[in-house]
Amino acid sequence: MDHFLYRDGVLHAEDVPLPEIAAQVGTPFYCYSVATLTRHFRLFQEALAGMDHLICYAVKANSNQAVLKLMGDLGAGVDVVSGGEYRRARAAGIPGERIVFSGVGKTREEMRLALEGGIRQFNVESEPEMAALNEVALGLGVVAPIAVRVNPDVDAQTHEKIATGKAENKFGIPIARARAVYAHAATLPGLRVVGIDVHIGSQLTALEPFEAAYAKVADLTRALRQDGHEIIRLDLGGGLGIPYERSNAAPPLPLEYGAMIRRVVGDLGCEIEIEPGRLIAGNAGILVAQAIYVKEGEGRNFLILDAAMNDLVRPAMYSAHHDIVPVIEPAPGAEQAPIDIVGPVCETGDTFAKSRMMPPVAPGDLVAFRSAGAYGAVMASEYNTRPLVPEVLVMGDHLAVIRDRPSFDEIINRDTIPEWL
Ligand code: LLP
């Protein structure tokens, strides 16, 4: 459920008509709803109620500081994967003790930043990383809390580019080697083992792969405790999928996910962390674009928008589906026809949808891409020297631009032409 609904024939973000925002900030723009973000966060809170837990929102999904501030105010922790995300989270007021640091390639500089600024735990992904973190911590005279990310060799049954829990993926250490790695960690004085971490992929639409991974983590918890390690936390990662196509069967609900967590790891007495990103932000955001032309091709028609693959790369990168709807509600029974929906970038891959059934759209009309709040603005680029799209946040009838569209001067002046050229 989201808060982008038609009212009096016009698509609104909560209480604000989208054409009003378009008039104020121009198109294309991203728009997020506080009510939807809040609702999604609370669904996870309810799902884990009664269990000691912390929901660590995955910053990578949508890292705007206004979104991070909202999450922080709701009581969330965050999962960061770079020094940049760490800095953003801190700038948005998230305290270090609510930040977990994931990622396969943390640099010593990033480790230092987090150790000095405060950190809940590092999710360590390899033995070389463990050695580096130990050294950095000793150098600073502190002890780094760690969970080791294990790779459970489970098929997440999602798009291959976002599956992370198979043995062939670069993530985590093979679960079969976990006991040896924990034994090694225990000998390193700069580290303190606090738990186990697992994350098997993103946009999962079934609970079975999660359950298979979590069952392995539960077994490992018992084994590591027998080995004398204190396992007080389990970080179960993110990955619960969202309904991108309203016509498809809906993925499991957070409540069902939470019940499964309770059943599989609930008896271990561990504090549970989860790292949802997409489910919180995805359907809490839309991308609004304007039609530039409708072009008749050979046997097919093209709807050319002012948004492109650089603004929302998911269709080009993962062949992802986003529902695209007119901002002015089509008349009931309006005839639909297939059309290719494309952007202005000079690549055939700049295609949002092929043969999409759409009601008539004319140049100047606004359309909205649904489910664009996660992995939308954060993955945008300035390819073709197209300015990054502004972001707007709505709460009831309040509206704020939370990131401006850069000017062409700002973009062009970032380059330097060497004087010797
Ligand atoms: N934790 C870790 C360690 C992750 O790597 C990720 C996502 C998450 C949590 C959050 O997963 P979520 O709940 O959002 O599924 N750009 C891709 C998605 C990449 C996901 C990467 N890792 C897309 O647009 O589909």
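This is a predicted model: local features need pLDDT of at least 70, side-chain atom pairs count only at pLDDT 80 or more; totals for chains, interfaces and linings use all residues.

Student: How much helix and strand over residues 35-281?

Tutor: That stretch is 40% helix and 17% strand. Its end C-alpha atoms are 11 Å apart.

Student: OK, helices. At what angle do helix 4 and helix 5 pack?

Tutor: About 20°, with the axes 9 Å apart. Helix 4 covers residues 83-91 and helix 5 covers residues 108-117.

Student: Parallel or antiparallel, then?

Tutor: Roughly parallel, because angles under 35 degrees count as such.

Student: And is the crossing left-handed or right-handed?

Tutor: Left-handed.

Student: Which residues meet there?

Tutor: From helix 4, Gly83, Tyr86 and Arg90. Facing them in helix 5 are Glu109, Glu110, Leu113, Ala114 and Gly117. The residues of this contact split into three nonpolar, two polar and three charged.

Student: Switching topic. Which residue does UniProt list for "active site"?

Tutor: Cys346, again from an unreviewed entry.

Student: Where does Cys346 sit?

Tutor: In the loop between strand 17 and strand 18. Strand 17 spans 337-342, and strand 18 spans 351-358.

Student: Is Cys346 buried or exposed?

Tutor: Exposed. Cys346 has 9 other C-beta atoms within 10 Å. The cut-off for exposed is 12 or fewer, so Cys346 qualifies.

Note on methods:
Residues are numbered from 1 along each chain as its sequence is written. Axes are lines fitted to C-alpha atoms, for helices over the stretch in contact, and angles run from 0 to 180 degrees between N-to-C directions. Helices (H or I, at least four residues) and strands (E, at least two) are DSSP runs, numbered from the N terminus. Angles under 35 degrees count as roughly parallel, over 145 as roughly antiparallel, 65 to 115 as roughly perpendicular and the rest as oblique. A crossing is left-handed if the near helix is turned anticlockwise from the far one by less than a right angle, and right-handed if clockwise. Two residues are in contact if their C-beta atoms, placed from the backbone, lie within 7 Å. Ala, Val, Leu, Ile, Met, Phe, Trp, Tyr, Cys and Pro count as nonpolar, Asp, Glu, Lys and Arg as charged, and the others, Gly among them, as polar. UniProt positions are given in the numbering used here, feature names are shortened, and annotations may be inferred rather than shown by experiment. A residue is buried if 20 or more other C-beta atoms lie within 10 Å of its own, exposed if 12 or fewer, and partly exposed in between; C-beta atoms are placed from the backbone.
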